[in-house]
Amino acid sequence: MMKRLMLLFAACGIGLGAVGRAAAQEPVAAPADLLVRVHFGGFEGLRASTNATTFREIWELPPTTELRNQTADRLAKALAGWIQSAPGASPEESQRLIRPLVEDLWRVEWHLELTRSEKGVVAWGWGLRLDEERTRRWKANLEKLVLGTTPPSDRGNRGVVFDQTGSWFFAGSSPMPSFLKRLESSSQTSPSLADHWLKAELNLSGV
């Protein structure tokens with residue numbers, strides 16, 4: 001269930017970000033265990049870019065804001081119905097938890113990585129550049145979506161690993177220390193929107 005949740009959120013973020021400048025490639029020397037690596041600069045980062053004046057004006061128009069809110073509402077409702085969240089959570093409650101996360105996915109900078117071990121186990125990690133308020137919301141909402149009212153002894157592999165490094169919030173299926181190290185090295189830098197807004201590395205043969 002968590003894989004479905006993570007892949008759906010990633011698809012929403014990538015789909016919304018794809019209207020901007022994007023670079024996609026299949027790296028020649030990609031690590032054998034790498035399946036997907038995505039970096040999205042976030043719409044909030046465009047405010048610091050001198051190359052997006054017209055886009056910012058369009059993005060802040062009332063009709064654009066209305067359309068954006070309608071899209072977020074519909075995505076949250078669709079995800080809540082499709083995911084069939086943790087025991088004890090109604091579709092309405094799941095929608096309420098998902099809605100602010102969908103909004104953040106196109107606002108903030110994030111990195112997503114999927115890898116596969118030699119035994120074929122797929123691990124995923126998600127790092128989002130969040131302030132303290134958003135960090136608390138992401139952790140609290142994901143915990144409720146994934147675990148709900150399930151007793152700790154019955155949670156099995158439903159749990160999600162959370163971590164914090166610099167300005168990055170990490171959620172993943174395992175600690176993924178190499179991914180955390182890359183996030184930490186970029187914790188003091190801003191997204192390079194001059195080079196790309198959305199960048200994806202895909203190991204097509206692995207996928």
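A contact here means heavy atoms within 4.5 Å. What you have above is a predicted model, in which local features need pLDDT of at least 70 and side-chain atom pairs count only at pLDDT 80 or more, while totals for chains, interfaces and linings use all residues. Residues are numbered from 1 along each chain as its sequence is written, and side-chain values use heavy atoms, with hydrogens and water left out.

With the contact cut-off in hand, take His 111: leaving aside residues up to four places away in sequence, His 111 touches Val 38, His 39, Gly 125, Trp 126, Gly 127, Trp 168, Phe 179 and Leu 183. His 111 lies in strand S3 and is buried, at a relative accessible area of 18%. Buried means under 20% relative accessible area, exposed means over 50%, and partly exposed is in between, using a 1.4 Å probe and protein chains only.

**Overall layout**

- The protein has 6 helices and 7 strands; helices (H or I, at least four residues) and strands (E, at least two) are DSSP runs, numbered from the N terminus.
- Going along the sequence, the order is α-β-β-α-α-α-β-β-α-β-β-α-β.
- Of the 207 residues in the protein, 42% are buried.
- Take the contacts between residues at least 6 apart in sequence: 72% of them join residues at least 24 apart.

- The average pLDDT is 76, and 68% of the residues score at least 70; pLDDT is the predictor's confidence in each residue, from 0 to 100.
- Where pLDDT is low, the predicted coordinates should not be read in detail.

**Strand S2 and its partners**

- S2 pairs with S3 (residues 110-116) in the antiparallel sense over 6 bridges; strands count as paired if DSSP finds at least two bridges between them.
- Within that pairing, Val 38 has Leu 112 of S3 as its bridge partner.
- S2 also pairs with strand S7 (residues 198-202), again antiparallel, over 5 bridges.
- On the S7 side, Glu 201 is the bridge partner of Arg 37.

**Aromatic rings**

- There are 7 aromatic pairs in the structure; rings of Phe, Tyr and Trp (its six-membered ring) pair if their centres lie within 6.5 Å, with planes under 30 degrees apart counted as stacked, over 60 as edge-to-face and the rest as tilted.
- Phe 162 and Phe 169 are stacked, because their ring centres are 5.7 Å apart and their planes are at 20°.
- Phe 170 and Phe 179 have centres 5.9 Å apart and planes at 65°, so that pair is edge-to-face.
- Phe 169 is buried at 2% relative accessibility, and Phe 170 and Phe 179 are both buried too.
- A cluster of ring pairs links Phe 40, Phe 43, Trp 59, Trp 110, Trp 126 and Trp 138.
- The charged end of Arg 68 sits over the ring of Trp 59, 4.2 Å from its centre; that label needs NZ of Lys or CZ of Arg within 6 Å of the ring centre and within 35 degrees of the ring normal.

- Helix H6 (residues 177-185) has Phe 179, Leu 180 and Leu 183 as its buried residues.
- They cover an arc of only 100° around the axis, so they sit on the same side of H6; the arc is that of the directions from the helix axis to the C-beta atoms.
- The buried residues of H6 pack against S3, strand S4 (122-129), strand S5 (161-165) and strand S6 (168-172).
- Exposed Pro 177, Lys 181 and Ser 185 are on the face of H6 turned away from its buried side.
- Met 176, in the loop between S6 and H6, has a phi near 50°, a positive value in a residue other than glycine.
- Met 176 is buried, with a relative accessible area of 9%.

**Ala 80 in helix H3**

- Ala 80 is in H3 (residues 62-83) and is buried at 5% relative accessibility.
- Beyond four places in sequence, Ala 80 touches Pro 91, Ser 94, Gln 95 and Ile 98.
- Ala 80 and Arg 96 are 16 residues apart in sequence, with 8.7 Å between their C-alpha atoms.
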